[in-house]
Amino acid sequence: MGKIAEFFKRKSIKTAFTTSMLVCIVTALLLSLALSGLCQWGQSKYYRKYQIQFGVSDPEMVIGFDNTDEKEQKGSISYQTPLNLMDHFTPADRTIYNILGFLSIGVYPICFIFCIVATSILFYKRHMQKPLAILDHAAGQIANNNLDFKIVYDKEDEMGKLCSSFEKMRQALQESNEEMWRQMEERKRLNAAFSHDLRTPLTVLKGQSELLRQYAPKMTAEKVSDTSEMMHRHIVRLEEYVQTMGELQRLEDIEIVRQSITLEALCKQLEETGEAVRNGKGFSHEVIGDRDSYLNIDAAIVMRVYENLLANAVRFAKKKIMVSAELQDGYLYLNVSDDGAGFAEKDLENATKPFYKTVRETDNEHFGMGLNICKILCEKHGGYIRLSNRNGAVVTTVFRQ
């Protein structure tokens, strides 16, 4: 029974329609023959009644004898004018007899029409009604911007494939909407952080400009020079903020260009970059996997993320920086760690947010965008970023091949 159910579940609509039509034709033909035979049997009953009444066994033949010459004609058969029993039918019997005769032929088109209509209705209810209702409901939900539902149809025929395609479209729309909302929320947080960080230099500039406007004639040249120098530093900082915001906008529009590269070639770039920027601190790297394996990645994006992580590690490391690269299940895992103080609990949750500075950062030279940029680039490459502590700070970035 399970195999039969599975067969009907996977049977295509074309096959089901062809089977239904064949069953319809055979059923209509058998039903027509049965009803036609029934009508003919009814006619024969009426005819037999009058045959018995007039004592005629065959209306077309009457057996009799000629009395002119008994010897010569004995046993001979002569044909006379046939007896037409229809002329002796009562009006009611003749009407019924004629109706039965008409029906014995008319049942053929009637049965075929009835069977075709019945088969069409049953075929629609069995194969079309449910999936069409599901698709109509889904179209209405999508039109109302409600994507929080699922399209479920268990058959694997053409309508099942259509429902599956609709479900994939719904999922794509839902993911697109979620991504759009995520970007909007990210942009709101970014604007809020940007506005917050702009407040300090703008307040300083406003205060210094008021100071110059009111007391410039009374201020010494040295004081004026110091004030102008302070204003210049904050103006430069504002310019850097604006440049950073522009860079973030460009990151949103960046395209991932995947190219084939061996793990050996990538690790060579990682080693050369680490040796160049280690700033007198120890640097070690490890490769887990076959160095001759080919990766399908955007090497420029991977190196950009790596350089950001390496710069952070150099800033916070005490003596040593460790880097490892590993291939696993179609993903490239790139780990950058240092022997510094590591991340605070608050940092683990917020360090990848824009303009966030760790609790140990007290300088104003960095805007807290490095890990946020790494997060954006990793996600664009189909991966993610993870922060942890293990004898220091550990940042794991994952890129999908």
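Is Phe-114 buried or exposed? Phe-114 is exposed, with a relative accessible area of 55%. Here, buried means under 20% relative accessible area, exposed means over 50%, and partly exposed lies in between (1.4 Å probe, protein chains only). The model is predicted, so local features need pLDDT of at least 70, side-chain atom pairs count only at pLDDT 80 or more, and totals for chains, interfaces and linings use all residues. Residues are numbered from 1 along each chain as its sequence is written, and side-chain values use heavy atoms, with hydrogens and water left out.

Phe-114 is found in helix α4 (residues 91–143). Helices (H or I, at least four residues) and strands (E, at least two) are DSSP runs, numbered from the N terminus. Phe-114 also belongs to a nonpolar surface patch of about 510 Å². Patches are made of residues with over 30% relative accessible area and no salt bridge; like charges are joined within 9 Å, and nonpolar side chains (Val, Leu, Ile, Met, Phe, Trp, Tyr) within 5 Å. A salt bridge is a side-chain nitrogen of Lys or Arg within 4 Å of a carboxyl oxygen of Asp or Glu. Accessible areas come from the Shrake-Rupley method with a 1.4 Å probe; for residues, only the protein chains shown count as cover.

Helix α2 (residues 13–54) gives the largest share of the nonpolar patch, 4 residues. The 42 residues of α2 should span 62 Å at 1.5 Å a residue. The end C-alpha atoms of α2 are 61 Å apart, which agrees. The expected span is 1.5 Å times one less than the number of residues. Buried residues of α2 include Ile-13, Cys-24, Tyr-47 and Tyr-50.

Helix α8 (residues 299–316) passes the same kind of check. Its 18 residues should span 26 Å, and its end C-alpha atoms are 26 Å apart. Among the buried residues of α8 are Ile-301, Tyr-306, Leu-309 and Val-314. Helix α10 (residues 370–380) is mostly covered, with 8 of its 11 residues buried. These include Leu-371, Ile-373 and Leu-377. Just after α10, Gly-382 takes a positive phi of about 80°.

Gln-171 is found in helix α5 (residues 158–215). Gln-171 counts as partly exposed, at 34% relative accessibility. Gln-171 and Lys-150 are 21 residues apart in sequence but 8.7 Å apart in space, C-alpha to C-alpha.

The strands come next. An open sheet of 5 strands has the order β2-β4-β5-β7-β6, with mixed pairing. β2 (282–288) and β6 (384–389) stand at the edges. Each has a single partner strand, so one side of each is left without a neighbour in the sheet. Neighbouring strands of this sheet are turned by 15° against each other on average, direction ignored. Two strands pair if DSSP finds at least two bridges between them.

Phe-283 stands opposite Ile-321 in β4. Strand β5 (residues 331–338) pairs with β7 in the antiparallel sense over 7 bridges. Leu-334 has Thr-397 of β7 as its bridge partner. Strand β7 (residues 393–400) is mostly covered: 7 of its 8 residues are buried. β6 and β7 run antiparallel and are joined by 6 bridges. Arg-386 has Thr-396 of β7 as its bridge partner. β6 and β7 form a hairpin with 3 residues between them. In the turn, Asn-391 has a positive phi of about 60°.

Note on methods
Axes fitted to C-alpha atoms, helices over the stretch in contact; angles between N-to-C directions.
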